[in-house]
Amino acid sequence: MADPGRTASRVVSRIELLVVQPTPFCNIDCLYCYLPHRGSKAVVARETLFNLFSQVFASGWVRDCLSVVWHAGEPMVLPIGFYRDAFRMIEQLRPPELGVQHSFQTNGTLIDEAWCAFFADAHVNVGVSIDGPRQFHDHNRLTRSGRGTFDRTIRGIRLLRRHEVPFHVISVLSPVSMAEPREMFDFYVEEGIERVCFNVEESEGEHVSQSFAETGVDRAYYRFLSEFWRLSANAPGKITFIREIEHAIQQVIRPADAPFGNQLVEPFAITSMDWAGNISTFSPELLGLKNPAYEDFLLGNINRDALIDLPQRPNFATMLADIQAGVAMCRERCEYFSVCGGGEPVNKLAENGSFVSTETTYCRLTKMRATDLVLDALDHAPLAGS
Ligand code: SF4
């Protein structure tokens with residue numbers, strides 16, 4: 001008889017990122033949000049967290065270090081004491097040879113002195129969502145009563161800076177902000193924001209991106225990144241990290257034999273759990289989505305099922321086969337495959353209606369145009385010694 005643990009270990013190479021939803025609730029209501037249950041005030045039970053971390057640590061699927069992201073809804077709507085208890089319990093369960101790095105992805109509106117002290121104390125990586133200066137941010141990122149959240153978010157960022165808590169920001173670009181790289185750059189510099197990541201408003205779940213509908217969005221994205229990078233290069237020490245450029249450089253300039261993986265298509269490399277203990281993998285956004293072909297993307301529940309048995313589930317086999325078929329098509333047809341690895345399953349599903357597909361607007365922007373930009377820059381770079 002097959003040993004399930006051994007069969008699973010053939011499918012799963014390692015968990016690199018654990019995405020935990022402590023509550024689906026979010027205190028604000030962004031226009032582009034795809035989360036279906038962001039009005040629910042449910043909270044994950046301590047027992048569910050215990051079952052998750054004890055099983056993850058016992059699975060043999062974690063090597064060296066586990067990144068844990070507390071994400072989606074808004075993690076900071078729960079009190080600091082919740083995280084102090086959770087972190088203490090995780091620390092007690094953690095095998096001594098494994099490291100754990102906690103991160104929060106937050107809208108920043110609830111940051112105060114006590115949170116800053118907690119972040120610093122627990123060495124938490126903090127990512128704050130802010131879409132640039134007020135006129136861009138307040139277009140989409142609204143309270144439940146429809147008011148802009150810029151003032152509260154920037155206050156949170158200023159507090160992080162004052163308390164010297166390291167952080168990065170994630171900004172969702174709209175067609176309007178994409179046309180204003182100088183304004184975006186000046187804003188970050190003025191606010192002392194050094195590490196930036198750019199997302200584009202994506203089509204995910206029931207949310208259909210307006211940005212993607214714009215003609216010329218590829219060119220606009222390329223121009224934005226190019227100009228933003230040029231401005232940063234001309235002002236050394238101001239913007240120290242632009243995620244899209246850093247990632248593209250790492251993929252373009254790497255030794256031929258360097259291993260390259262795409263976490264988003266590796267089974268359980270990203271493992272996601274919602275507040276109720278439901279488990280999913282591949283793109284974290286799949287956790288809350290439904291789809292006529294798959295119904296949902298839940299593989300089991302950590303309170304009832306053994307984590308290491310989840311790769312035996314029939315719906316996992318279907319997802320894996322379809323995602324791998326999409327990756328194989330990408331490998332065959334796309335000249336960017338060596339720097340992409342087959343893209344984001346959730347975007348393929350949302351834009352093309354199937355995992356078994358290739359190009360999306362999302363990958364054209366974030367993979368193809370970002371790679372083009374780095375290759376173009378290398379073409380124009382002066383030769384060493386010349
Ligand atoms: S860039 Fe797009 S089409 Fe090319 S490999 Fe990535 S996901 Fe596939």
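Modeller: Below, we take the labels one by one. Keep in mind that this is a predicted model.

Biologist: What makes up the protein in terms of helices and strands?

Modeller: The protein has 14 helices and 12 strands. Its C-alpha trace spans about 65 × 50 × 45 Å along the principal axes.

Biologist: How do you know whether the radius of gyration agrees with a compact globule?

Modeller: Set the value against the rule. For 386 residues, a compact globule would have a radius of gyration near 21 Å. The protein has 21 Å, so the two agree.

Biologist: What share of the residues is buried?

Modeller: Buried residues are 52% of the 386. As for contacts with a separation of 6 or more, 70% of them join residues 24 or more positions apart. The protein exposes about 17900 Å², and carbon and sulfur atoms supply 51% of that area.

Biologist: Why is Leu-17 called buried?

Modeller: The cut-off for buried is under 20% relative accessible area. Leu-17 has 19%, so Leu-17 is buried. Leu-17 is found in strand β1, residues 17-20.

Biologist: Which residues does Leu-17 touch, leaving out those up to four places away in sequence?

Modeller: They are Ser-67, Val-69, Ala-269, Ile-270 and Thr-271.

Biologist: Why is Phe-282 called buried?

Modeller: Phe-282 has 0% relative accessibility, under the 20% limit, and therefore counts as buried. Phe-282 is found in the loop between β9 (278-281) and β10 (290-291).

Biologist: Is Glu-295 buried or exposed, and what makes it so?

Modeller: Exposed means over 50%. Glu-295 has a relative accessible area of 61%, so Glu-295 is exposed. Its place is in strand β11, residues 295-296.

Biologist: What is said about phi in Phe-282 and in Glu-295?

Modeller: Phi of Phe-282 is near 65 degrees, a positive value in a residue other than glycine. Phi of Glu-295 is also near 65 degrees, and positive. Most residues other than glycine have a negative phi.

Biologist: Which residues surround the ligand?

Modeller: The ligand is surrounded by Cys-330, Cys-334, Phe-337, Cys-340, Gly-342, Gly-343, Thr-358, Glu-359, Cys-363, Lys-367 and Met-368. The elements giving two or more residues to this shell are α12 (337-340) and α14 (361-380).

Biologist: Which element gives the largest share of the shell?

Modeller: That is α14, with three residues.

Biologist: How many side chains are positive and how many negative?

Modeller: There are 36 positive and 48 negative side chains. The centres of the two sets lie 3 Å apart.

Conventions. Residues numbered from 1 in each chain as written. Predicted model: local features only at pLDDT ≥ 70, side-chain atom pairs only at ≥ 80, totals over all residues. Heavy atoms only, no water. Helix = DSSP H or I, 4+ residues; strand = E, 2+ residues; numbered from the N terminus. Rg over C-alpha atoms; globule rule 2.2 N^0.38 Å. Buried < 20%, exposed > 50% of the residue type's maximum accessible area, 1.4 Å probe, protein only. Contact = heavy atoms within 4.5 Å. Areas by Shrake-Rupley, 256 points an atom, 1.4 Å probe, with all protein chains shown as cover. Lys, Arg positive; Asp, Glu negative; His and termini not counted. Charge placed at Lys NZ, Arg CZ, Asp CG, Glu CD. Near = heavy atom within 4 Å.
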